[in-house]
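Let's walk through this structure together, from its overall build down to a few individual side chains. Have the model open beside you as you read.

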Amino acid sequence: MGILGLFFAVFIACAAAAEFPFPLQEAHNVELTQDYDYIIVGGGATGCALAATLSENFRVLLLERGGSPYNNPLLMRVENFFLGFLDDGAQNFVTTEGVANARGRVLGGGSSINAGFWDRAPASEIAQLGLDPVKANTSYTWAENAIVSLPVLGPFQSAFHKGLVEVGVTPDLGATYEHFVGTKTGGSLYDSNGQRRPSSNLIAAYANATNLQVVLHATVTKVQFDDGLSKPTAIGVEFVDELGQIHAAFLKADERSEVILSASAIGTPHLLMMSGVGPAEHLKQKGIPVILDLPVGKNIADNPATRLYVPSMSPVEPALVQVAGITPFGSYIEALSGVQNLQGSVIFQKVVGPKSTGEVLIDSMDIRQNPSVTFNYYKDPEDLQICVGGLNVIEELLLSKSMTPFVNGMQAMPSGNILGLPIRKFYPKEMIDMALGAYCKANVGTMWHYHGSCRVGQVVDAQFKVLGTEQLRIVDGSVFDFCPGTNPQATFIMTGRYMGVEITSRRLTS
Ligand SMILES: Cc1cc2nc3c(=O)[nH]c(=O)nc-3n(C[C@H](O)[C@H](O)[C@H](O)COP(=O)(O)OP(=O)(O)OC[C@H]3O[C@@H](n4cnc5c(N)ncnc54)[C@H](O)[C@@H]3O)c2cc1C
């Protein structure tokens, strides 16, 4: 290599390294110090915010089963969104009812493979969570300052925003991170160059590098308990690296130290059950010694979503979700456009809540394999009614003046009506609703917003400590009994920061 080549190689290596200025360690050659105040399982959306915060004052070990998303264009570039599902950073699975879904398996978790849309939770939901609204606002802002911005809309997303307002999803809220009924342009994890800013960027922005050890390819297989005490007490974890070697990490001998599970609404109940905390009958069937009988994995929920592909007559810009129509009856309408050479858009509606719930059960005894997941989509008729309402709005939207350049005139609509022949208004409403209900069920999909598998009052207390145990807490989407905002990541990440601040201030003042 000539001098010039060497210069460029060094330059490129420095530029790449500068992308994530925080040391990441590999599980197979990690050196553990065994004096951790906190061991966090899962470096996902919530876990990274929590780790960055706790490291300001305490020794923290963050164990993530996946690798790094940095320097991986499949995960980091907006135009590659769909290709990201083919990367090792996504663990695909199919629910027992046959709906395709995916989990993040990479530093940043879901925030490294998701569509990036950022919407805070409304005040009513902050109250339902029992959080202080002022502290919640501060925690949202902490994350937003590092990883979120408002996008400049291209022609399609702009028409989509205007069209929603035209068909009555009002008021026009302009561009905001806040959540109100109406149509808004929301925040995005993607910057103006289409580069993703996963929640792991919060570590680079805020963590204390001398206190935080981030270990990749570390799949935690078990929480270790001391069950000789009055309550099962978490003392550490066991994890396996990508070479199959087993490691153990232990908390400092201090009753304030904790193992904190942030492995997602699927990963956290899965790990708890594999560790002996879960429904006793199910654990016995699987031959797992029962440490504690708790309804872990019960009541997991995923918000059903119905999509409609809309070919466009005009060029559309590549954009993931940037706009949301927030109806007063609980349907959220969003669209992505032009990604992966899509000559049009995918418009979808998501059902709030939902009311229908399911369960997570162990399938394989290898924790690296997916558990069995059931969501019982649309089991509750109220969920189906909301979908019907949302599709009615989408059909009106397709007939709106604003959207005319972006719909193919002869496309069939979910009700069976044909675009270009706007005869929808002559059909009896009951007939349209019946057809839309059938369409919702036949085309049920996910927006990947699963939550609620370890709910407050059932598995954890109001501080998210696992009931009947000591030194074990859950901070992730598992503890939510509804999906916050139109899309949850803003509130999950906010909760990571919020709980980090709470744990710190309680400990420093105790
Ligand atoms: C394709 C897709 C698109 C989405 N789009 C949006 C969107 O636009 N806006 C939005 O708000 N939300 C979106 N979401 C949802 C959002 O990303 C998730 O709700 C959020 O990431 C969940 O946060 P979490 O911290 O609970 O879990 P995750 O972010 O999933 O983090 C869990 C982490 O734990 C790790 N882990 C699991 N088990 C173990 C183990 N045993 N040992 C070690 N590590 C483990 C995982 O690898 C992962 O990194 C989307 C999700 C997906 C998958």
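To look at charge, Lys and Arg are counted as positive and Asp and Glu as negative, with His and the chain ends not counted; each charge is placed at NZ of Lys, CZ of Arg, CG of Asp or CD of Glu. On that basis the protein carries 34 positive and 47 negative side chains, and the centres of these two sets are 2 Å apart.

A word on what you are viewing: this is a predicted model, in which local features need pLDDT of at least 70 and side-chain atom pairs count only at pLDDT 80 or more, while totals for chains, interfaces and linings use all residues. Residues are numbered from 1 along each chain as its sequence is written, and side-chain values use heavy atoms, with hydrogens and water left out.

Now step back to the whole. The protein contains 12 helices and 25 strands, where helices (H or I, at least four residues) and strands (E, at least two) are DSSP runs numbered from the N terminus. Its C-alpha atoms fill a box of roughly 70 × 70 × 40 Å along the principal axes. The radius of gyration, taken over C-alpha atoms, can be set against a globule rule of 2.2 Å times the number of residues to the power 0.38. For 510 residues that rule puts a compact globule near 24 Å, and the 23 Å of the protein agrees.

How much of the chain is buried? Of the 510 residues, 58% are, with buried meaning under 20% relative accessible area, exposed over 50% and partly exposed in between (1.4 Å probe, protein chains only).

Next, the aromatic rings. Rings of Phe, Tyr and Trp (its six-membered ring) pair if their centres lie within 6.5 Å; planes under 30 degrees apart are stacked, over 60 edge-to-face, and the rest tilted. The count comes to 14 aromatic pairs. In one of them, W142 and Y206 have ring centres 4.4 Å apart and planes at 20°, so they are stacked. Because W142 sits in helix α5 (residues 133–147) and Y206 in helix α7 (residues 201–206), this pair ties together parts 64 residues apart in sequence. W142 is buried at 9% relative accessibility, whereas Y206 is partly exposed at 27%.

F375 and Y450 also stack, with centres 6.5 Å apart and planes at 10°. Here F375 lies in the loop between β23 (372–374) and α10 (381–398), and Y450 in the loop between β24 (444–446) and β25 (472–474), so the pair links parts 75 residues apart in sequence. F375 is buried at 0%, and Y450 is buried at 11%. Elsewhere, F81, F82, F85 and W448 form one aromatic cluster.

Finally, visit two single residues. M499, in helix α12 (residues 489–509), is buried at 3% relative accessible area. Beyond its neighbours within four places in sequence, M499 contacts L50, Q463, F464, R473 and V475. Its C-alpha atom is separated by 9.9 Å from that of A136, 363 residues apart along the chain. A100, in strand β5 (residues 100–104), is exposed at 55%. With neighbours within four places again left aside, A100 touches F93, V94 and T446 in contacts.

How values were computed. Contact = heavy atoms within 4.5 Å.
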